[in-house]
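Biologist: I'd like to learn how to read a protein model feature by feature. Could you walk me through one?

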Amino acid sequence: MSYLRGERKRKFKAEINVVPYIDVMLVLLIIFMVASPMTNPSVINLPTAGQSTQPPSDYIEITLKPDANATISLNSRNGANGHNLQESKEEARNRQQLLQKLREYHDAKPDLSVLVSADKGIVYDDVVQVISEAKKLGINRVGLATR
């Protein structure tokens, strides 16, 4: 009967109004565009390390280089005026040679500590691997040399 009076059925819209969402996204985009130049992710300020209270008098120094070579030396503070005196210095071409020479030094003098110094351009994982291998050999005191 309602059709006779001129009434029409209402259809429901099943659409989402996205205009407010677009407005919010544009505001967020502007905020991030303004805030991003304020931060400079390429500059990292690393803390500096202080010296230990008593550095070891005799130690094994391992110097790592970016070209996969390493130098291992036996150092002593028994030199004139307290300066370091290198008793021996050997070059290792790869990791196996380095570990073999470290094992020889450790077997000869098991109470010596190890200082690892690395070049700035070396991969940090190489330093961690050397420290880990030294700990596996039974060396209790392993440290990083700072400059």
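Modeller: Gladly! Helices and strands here are DSSP runs, numbered from the N terminus. Keep in mind that this is a predicted model. Along the protein, the elements follow the order α-β-β-β-α-β-α-β, giving 3 helices and 5 strands.

Biologist: How many residues does the protein have, and what percentage of them is buried?

Modeller: A residue is called buried when its relative accessible area is under 20%. Of the 147 residues in this protein, 22% are buried. The exposed surface comes to about 12,000 Å², with 56% of it from carbon and sulfur atoms.

Biologist: Which residues does UniProt list as a "transmembrane region"?

Modeller: Such annotations may be inferred rather than shown by experiment. The UniProt record, an unreviewed entry, lists residues 21–38. In the model that span is 83% helix and 0% strand, with its end C-alpha atoms 27 Å apart.

Biologist: Now the charges. How many salt bridges are there?

Modeller: The test is a side-chain nitrogen of Lys or Arg within 4 Å of a carboxyl oxygen of Asp or Glu. That gives 3 salt bridges. One joins the side chains of Glu91 and Lys65, at 3.4 Å from N to O. This pair links distant parts of the chain, 26 residues apart: Glu91 sits in strand E3, and Lys65 in the loop between strands E1 and E2.

Another pairs Asp126 with Arg95, at 3.6 Å between the closest N and O atoms. Asp126 is in helix H3 and Arg95 in helix H2, 31 residues apart.

Then there is Lys136 with Glu133, at 3.8 Å. Both lie in helix H3, 3 residues apart, about one turn of the helix. Lys136 is exposed, because its relative accessibility is 62%, while Glu133 is partly exposed at 23%.

Biologist: And Lys101: is this residue buried or exposed?

Modeller: The cut-off for buried is under 20%. Lys101 has a relative accessible area of 17%, so this residue is buried. Lys101 lies in helix H2, residues 95–108. A polar atom of the Lys101 side chain is 2.8 Å from the backbone oxygen of Glu91. Leaving aside residues up to four places away in sequence, Lys101 touches Ile72, Glu90, Glu91 and Ala92.

Note on methods
Residues numbered from 1 in each chain as written. Predicted model: local features only at pLDDT ≥ 70, side-chain atom pairs only at ≥ 80, totals over all residues. Heavy atoms only, no water. Helix = DSSP H or I, 4+ residues; strand = E, 2+ residues; numbered from the N terminus. Buried < 20%, exposed > 50% of the residue type's maximum accessible area, 1.4 Å probe, protein only. Areas by Shrake-Rupley, 256 points an atom, 1.4 Å probe, with all protein chains shown as cover. Polar contact = N/O pair within 3.5 Å; in protein donor to acceptor, adjacent residues only side chain to side chain. Contact = heavy atoms within 4.5 Å.
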